[in-house]
Amino acid sequence: MISQPSRHCTVELQALPSRIGQVRRIVSAQLRYWHLDPLIDHAALGVTELLTNVHRHAEPDKVCTVEIELLLDRLTISVHDHDPHLPVVRDAEPFATSGRGLAMVAAVSASWGVRPQGDAGKIVWFSLPAPSPAVALPAYPVYGAAAEYAPARSAVAG
């Protein structure tokens, strides 16, 4: 039995440098909302590297979808683009200014991988272990609900 529902967020964008920064801020804000502040740095680095790869390498276009999903104790971030060519982890030269993106994703994540989607492209993903407070997240807020609808606390005489 799953005690908490999945938390899910999707952003569709064209992977341009200006948009990559915006998505990094969206991911950070979403993780703050889910009370996953300790994961922000690694998640932001990972999504930046994956989106930079789309910007530099994806053909025929730079359109992609970023998906963030929290399921129990695991946060997974994935990027789906339309290029069927699979990425390769490279050994970058010591003074090279690029070529380390996937190695960095592997270094900061618990796991990562690629799911080919045939002619529809591919999905590159990575996961991070979520701290235990994430399992006990509050329910989604009810829009328009006022504070008086919160459960009443019982007073203890003493």
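Gly 21 is buried, with a relative accessible area of 9%, where buried means under 20% relative accessible area, exposed over 50% and partly exposed in between (1.4 Å probe, protein chains only). This residue lies in helix H1; helices (H or I, at least four residues) and strands (E, at least two) are DSSP runs, numbered from the N terminus. Gly 21 and Leu 51 are 30 residues apart in sequence, yet 9.8 Å apart in space, C-alpha to C-alpha. The structure is a predicted model, in which local features need pLDDT of at least 70 and side-chain atom pairs count only at pLDDT 80 or more, while totals for chains, interfaces and linings use all residues. Residues are numbered from 1 along each chain as its sequence is written, and side-chain values use heavy atoms, with hydrogens and water left out.

We can turn next to the sheet. Five strands form an open sheet in the order E1-E2-E3-E5-E4, with antiparallel pairing; two strands pair if DSSP finds at least two bridges between them. At the edges are E1 and E4, each of which pairs on one side only. From one strand to the next, the twist averages 15°. Strands E2 and E3 run antiparallel and are joined by 8 bridges, and the bridge partner of Cys 64 in E3 is Asp 81. Helix H2 packs on the sheet, touching E1, E2, E3 and E5, and its direction makes about 170° with that of E5. Here axes are lines fitted to C-alpha atoms, for helices over the stretch in contact, and angles run from 0 to 180 degrees between N-to-C directions; contact means heavy atoms within 4.5 Å.

The largest nonpolar core has 31 residues, and Val 23, Leu 51 and Ile 77 are among those with the most contacts inside it. Such a core is a set of buried Ala, Val, Leu, Ile, Met, Phe, Trp, Tyr and Cys residues joined through side-chain atoms within 4.5 Å. H2 supplies the largest share of this core, 6 residues. Leaving aside neighbours within four places in sequence, Ile 77 is in contact with residues including Val 27, Ala 43, Val 66 and Trp 125.
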